[in-house]
Amino acid sequence: MQGEGGPQTGTMTECFDCDNCKESLYGRKYIQMDNGPYCIPCYDAHFANTCDECKELIGHDCRELYYEDRHYHEHCFRCFRCDRSLADEPFTCQGEELLCNDCYCSEFSSKCIACEKTVMPGSRKLEYNGQTWHEHCFICSSCQQPIGSRSFIPDKKDYYCVPCYESKFAPRCTRCKKTLTKGGVTYRDEPWHKECFVCTGCKTPLAGQQFTSQDDNPYCIKCFGNLYAKKCSACTKPITGFGGGKYVSFEDRHWHHNCFNCARCNTSLVGKGFIPDNDEILCRDCSSDL
């Protein structure tokens, strides 16, 4: 917005005529234009702009204001809502309407969800899930510090900075007691970091591996077999029962299915009758040959 300065006026003391009506300008005020002098009525009729608000001419003796090729009397340049003069005030144009800052903010600017005050155009703000905050009003529900541009975690109607959320809500590893911020494993309804969930025996990570437990302690298959599993009476290797493995027991001895064979002819005795002979087991045919 600018004030528009008009041509200079003067007073004639010698013979001088208006360039339009040819009347003498002797002793009268006139306005000097590039193509000659004009009396005041002729100047207003031919050169004055029309006020965009009241549609009347803006006379030479009026303060004229203009904005984007629109001209106004000073008293017509007012807020469309509250009628406040905008002659010396900041304003905004909304469509065809001129609005003072207060009216524009009240009608078109967002309101801070925390303090319920207007978020002024150009001020720093944060928007999330259709709601708006002043930057200094968006604070952590726990430590009450502004979150600013840092990451945050929503929880119902509360918002937390990451450190406060982890301290308040994140599960803690059963072994190291530190918070789990991303993927872990659950064992016996307790959370573990993947790197903390290891075999009690050899400390090999068990995440994604077959494992079993003894006295609530997790073991890999190899350690469990070596430490706790029954041993096959034929091959002496552990009988774990994992991987679909089956075994046969007789008295205090045990065999893998594929190891339960006649000691003489090596015929499988699974599901068949057999005869124990000291530390050996024999099929009926081999037993009858004794």
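User: Which residues of helix α1 are buried?

Analyst: This is a predicted model. An α-helix has 3.6 residues a turn, so residues three or four places apart point the same way. Helix α1 spans residues 40-47, and I40, C42, Y43 and D44 are its buried residues. The elements covering them include β3 (29-33) and β4 (36-39).

User: Which residues are buried in helix α2, and what do they pack against?

Analyst: In α2, residues 101-108, the buried residues are C103, Y104 and C105. The strands β7 (91-94) and β8 (97-100) are what the buried residues of α2 pack against.

User: How many aromatic pairs are there, and why is the pair of Y38 and F47 edge-to-face?

Analyst: Ring pairs are judged by the distance between centres and the angle between planes. The count is 24 aromatic pairs. For Y38 and F47, the ring centres lie 5.0 Å apart and the planes meet at 80 degrees; planes over 60 degrees apart count as edge-to-face, and therefore this pair does. Y38 is buried at 6% relative accessible area, whereas F47 is partly exposed at 31%.

User: Which residues do ring pairs link into a cluster?

Analyst: The cluster consists of Y128, W133, F138, F152 and Y159.

User: How do strands β9 and β10 run, and how many bridges join them?

Analyst: Strand β9 (residues 125-128) and strand β10 (residues 131-134) are antiparallel and joined by 4 bridges. Y128, a member of the aromatic cluster, stands opposite Q131 in β10. The hairpin has 2 residues between its strands, and N129 adopts a positive phi near 55 degrees.

Definitions and conventions
Residues are numbered from 1 along each chain as its sequence is written. This is a predicted model: local features need pLDDT of at least 70, side-chain atom pairs count only at pLDDT 80 or more; totals for chains, interfaces and linings use all residues. Side-chain values use heavy atoms; hydrogens and water are left out. Buried means under 20% relative accessible area, exposed over 50%, partly exposed in between (1.4 Å probe, protein chains only). Contact means heavy atoms within 4.5 Å. Rings of Phe, Tyr and Trp (its six-membered ring) pair if their centres lie within 6.5 Å; planes under 30 degrees apart count as stacked, over 60 as edge-to-face and the rest as tilted. Two strands pair if DSSP finds at least two bridges between them.
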